Amino acid sequence: MRVRLGVVSYLNTRPLVEELRTGAIDRDFELIYDVPSRCAERLHIGETDVALIPAVEIGRGRDPYRIVPNVGIISNGPVGSVFIALNKEPEEIQTLALDRGSRTSVVLAQIILARQFGCRPQVFFHPPDIDAMLKRADAALLIGDPALALPHKRYRILDLGEIWTQMTGLPFVYACWTGRPDALTPYHIDKLIEAKEKGKPLIPNIAKDYAAETRTLSPAFYAKYLTRNILYDLGDTELEGLRQFYAYGVELGLMDALPDIRFYI
């Protein structure tokens, strides 16, 4: 039986799955696309076997999950696609509209507002329509492809990846391949790592194709985003950043407990 693989339907995941999608790498995966929050929900209820889920969801499975080593969606500095758009000064924010597709960034936004700006706003979820969000709230969290296309000259924004790294000196981990302990064989693990390694050199073509699909920004813009803003190698420093995120989340009552990070072997 093929492994049901939940894939986030954003541009920044394409280098991880392009070789699987095209069949260039021999695979035994069924690719199932959705937004990050739905990828997590589908994994939790058993609709997928492994998924690229938000980092905050790793500890929320019925049984302890495992993570594929060496692969993630990461930033170390500006991320370029996780923003808070502001109606007022950050210290004065009382209400925050949250992108429904987000989970990790919802916690990250509240950590940054609390620790950097001393505010704990009331939050509510909203479809990712920035103007509608800002009509109802002092600030709005937008992630992924909608955030990537946000015109910076029109809105005042905070790049949460940039602020996190300034605050901690560490990278930020947004998502990892995660699943039940028996979901992957060593063969499957190797193929997911191989897909990452072979996908990164394809970024110029991925950027060109995405620019043609969206007709919004240039291939050069998307290629820069996928090489400078988004990183894909999960190492010790990235794990340190992930553990710091968990510690802040628990400290502020945004997470119930520190997840136990366990890897497939």
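This is a predicted model: local features need pLDDT of at least 70, side-chain atom pairs count only at pLDDT 80 or more; totals for chains, interfaces and linings use all residues.

**Strand 11 and its partners**

Let me begin with strand 5 and strand 11, which pair in the antiparallel sense over 3 bridges, and within that pairing Ser75 has Phe172 of strand 11 as its bridge partner.

How many residues of strand 11 are buried? The count is 8 of the 8, so strand 11 is largely enclosed by the rest of the structure.

Now please turn to an open sheet of 5 strands, whose order is 8-7-9-6-10 and whose pairing is mixed. Strand 8, at 122-126, and strand 10, at 156-159, are the edge strands, and because each has a single partner strand, one side of each is left without a neighbour in the sheet. From one strand to the next, the twist averages 25 degrees. Strand 7, residues 95-99, runs parallel to strand 8 and is joined to it by 5 bridges, and in that pairing Thr95 has Gln122 as its bridge partner. Helix 6, residues 160-168, packs on this sheet, where it touches strand 6, strand 9 and strand 10, and its direction makes about 50 degrees with that of strand 10.

**The nonpolar core**

Which residues touch the most other members of the largest nonpolar core? In this core of 89 residues, they are Ile84, Trp164, Trp177 and Phe245. Helix 3, residues 104-117, gives the most to the core, with 9 residues. If you look at Ile84 and leave aside its neighbours within four places in sequence, you will find it in contact with residues including Leu96, Leu113, Leu141 and Ile157. Another core, of 12 residues, lies apart from the largest one, and among its members are Ile130 and Met133.

**Helix 10 and helix 3**

Helix 10, residues 236-251, has 16 residues and reaches 22 Å from its first C-alpha to its last, which is close to the 22 Å expected at 1.5 Å a residue. Its buried residues include Leu239, Leu242, Phe245 and Tyr248, and what covers the buried residues of helix 10 includes strand 5, helix 3, helix 6 and strand 11. After helix 10 comes Gly253, whose phi is positive, near 75 degrees.

Helix 3 packs against helix 10 at an angle of about 70 degrees, with their axes 10 Å apart. That angle makes helix 3 roughly perpendicular to helix 10. Among the residues making the contact are Val107 and Ile111 of helix 3, together with Phe245 and Gly249 of helix 10.

Not counting residues up to four places away in sequence, Asp34 touches Val7, Val8, Ser9, Cys39 and Arg42. Ser37, in helix 2, is buried too, with a relative accessible area of 5%, and by that way of counting its contacts are Arg100, Gly101, Ser102 and Arg103.

Methods. Residues are numbered from 1 along each chain as its sequence is written. Side-chain values use heavy atoms; hydrogens and water are left out. Two strands pair if DSSP finds at least two bridges between them. Helices (H or I, at least four residues) and strands (E, at least two) are DSSP runs, numbered from the N terminus. Axes are lines fitted to C-alpha atoms, for helices over the stretch in contact, and angles run from 0 to 180 degrees between N-to-C directions. Contact means heavy atoms within 4.5 Å. A nonpolar core is a set of buried Ala, Val, Leu, Ile, Met, Phe, Trp, Tyr and Cys residues joined through side-chain atoms within 4.5 Å. Buried means under 20% relative accessible area, exposed over 50%, partly exposed in between (1.4 Å probe, protein chains only). The expected span of a helix is 1.5 Å times one less than its number of residues. Angles under 35 degrees count as roughly parallel, over 145 as roughly antiparallel, 65 to 115 as roughly perpendicular and the rest as oblique.
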